[in-house]
Amino acid sequence: MPTGLRRYTNAHEVTTPLIAVYAKVREPLLHLPNYAVPAFAERLERHGREPGFGAVLAFDAEGQPVGYAYGNTVESGDRWWTRMGDVDPALTRSPTLALKEIGVTLPHRGTGLARRVHDELLAGRDEAYVSLMVNASAGDGKVRRVYESWGYETIGTSRPSPESPVLTAMIRPTGAGA
């Protein structure tokens with residue numbers, strides 16, 4: 001079982017373990033261009049340069065990463081929002097945490113680890129909302145339903161790249177200031 005969660009704000013410090021755990025989590029999909037490790041590494045490098053970058057890794061008893069989440073702050077007009085089409089402007093007016101990636105390795109799925117990593121990423125953030133994009137068909141819809149159980153609501157769709165499937169865009173309050 002995981003022994004701890006570690007927070008990072010420097011993308012360079014977390015790149016190697018984050019890519020390693022990503023490859024384990026997404027192993028069945030790595031043959032697809034959008035999920036390939038080089039494509040992920042390029043996205044991580046870009047996201048790591050963006051404002052408000054933060055990441056959380058979960059480690060097992062041997063010190064190996066077994067789960068992760070990362071994101072950064074997006075403002076009104078950011079491409080995060082513009083790719084979604086018509087989104088209620090009230091949701092995009094304030095800075096929002098864009099949850100870019102979250103995942104846990106197979107042995108740790110269904111244990112609550114993803115929620116712990118998610119909540120740790122949100123802890124201490126100032127943004128009023130957190131938004132994510134999910135492949136609605138992932139796990140035959142189970143992944144989207146998990147996010148709904150965490151309080152996320154659908155606000156639109158997005159196709160971040162030609163290689164990407166159409167994703168469901170979701171949002172929820174972070175609880176900041178509550």
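This is a predicted model: local features need pLDDT of at least 70, side-chain atom pairs count only at pLDDT 80 or more; totals for chains, interfaces and linings use all residues.
Student: Okay, what does Y147 touch, setting aside residues up to four places away in sequence?

Tutor: I102, L132, V134, Y152 and M170. Each of those counts as a contact because it has heavy atoms within 4.5 Å of Y147.

Student: What makes Y147 stand out in the largest nonpolar core?

Tutor: That core has 19 residues, and Y147 is among those touching the most other members, along with L99, L121, L132 and Y152. The elements giving two or more residues to the core are β2, β3, β4, α5 and β5. Another core, of 16 residues, lies apart from it, with V14, Y35, F53 and L57 among its members. In soluble globular proteins, nonpolar side chains tend to be buried together.

Student: How do you know whether A69 is buried or exposed?

Tutor: Buried means under 20% relative accessible area. A69 comes out at 0%, so it is buried. A69 is found in strand β3. Leaving aside neighbours within four places in sequence, A69 is in contact with G54, A55, V56, L99, E101, I102, V117 and L121. Two of those, V117 and L121, are buried residues of α5.

Student: What does the side chain of R172 reach at 3.1 Å, then?

Tutor: The backbone oxygen of W150. The limit for a polar contact is 3.5 Å, so 3.1 Å falls inside it. W150 also turns up in the list of residues R172 touches, which includes R115, H118, L122, Y129 and Y152.

Student: R172 is in strand β7. Why call β7 largely enclosed?

Tutor: Six of its seven residues are buried, so the rest of the structure largely encloses it.

Student: And how do you know which strands pair with β7?

Tutor: Pairing takes at least two bridges. β5 and β7 share six, so they pair, in the antiparallel sense. β6 is joined to β7 by five, so that pair qualifies too, also antiparallel. T168 of β7 shows both sides: V134 stands opposite T168, and T157 has T168 as its bridge partner.

Note on methods:
Residues are numbered from 1 along each chain as its sequence is written. Side-chain values use heavy atoms; hydrogens and water are left out. A nonpolar core is a set of buried Ala, Val, Leu, Ile, Met, Phe, Trp, Tyr and Cys residues joined through side-chain atoms within 4.5 Å. Buried means under 20% relative accessible area, exposed over 50%, partly exposed in between (1.4 Å probe, protein chains only). Helices (H or I, at least four residues) and strands (E, at least two) are DSSP runs, numbered from the N terminus. A polar contact is a pair of N or O atoms within 3.5 Å; within protein, one must be able to donate a hydrogen and the other to accept it, and residues adjacent in sequence count only if both atoms are side-chain atoms.
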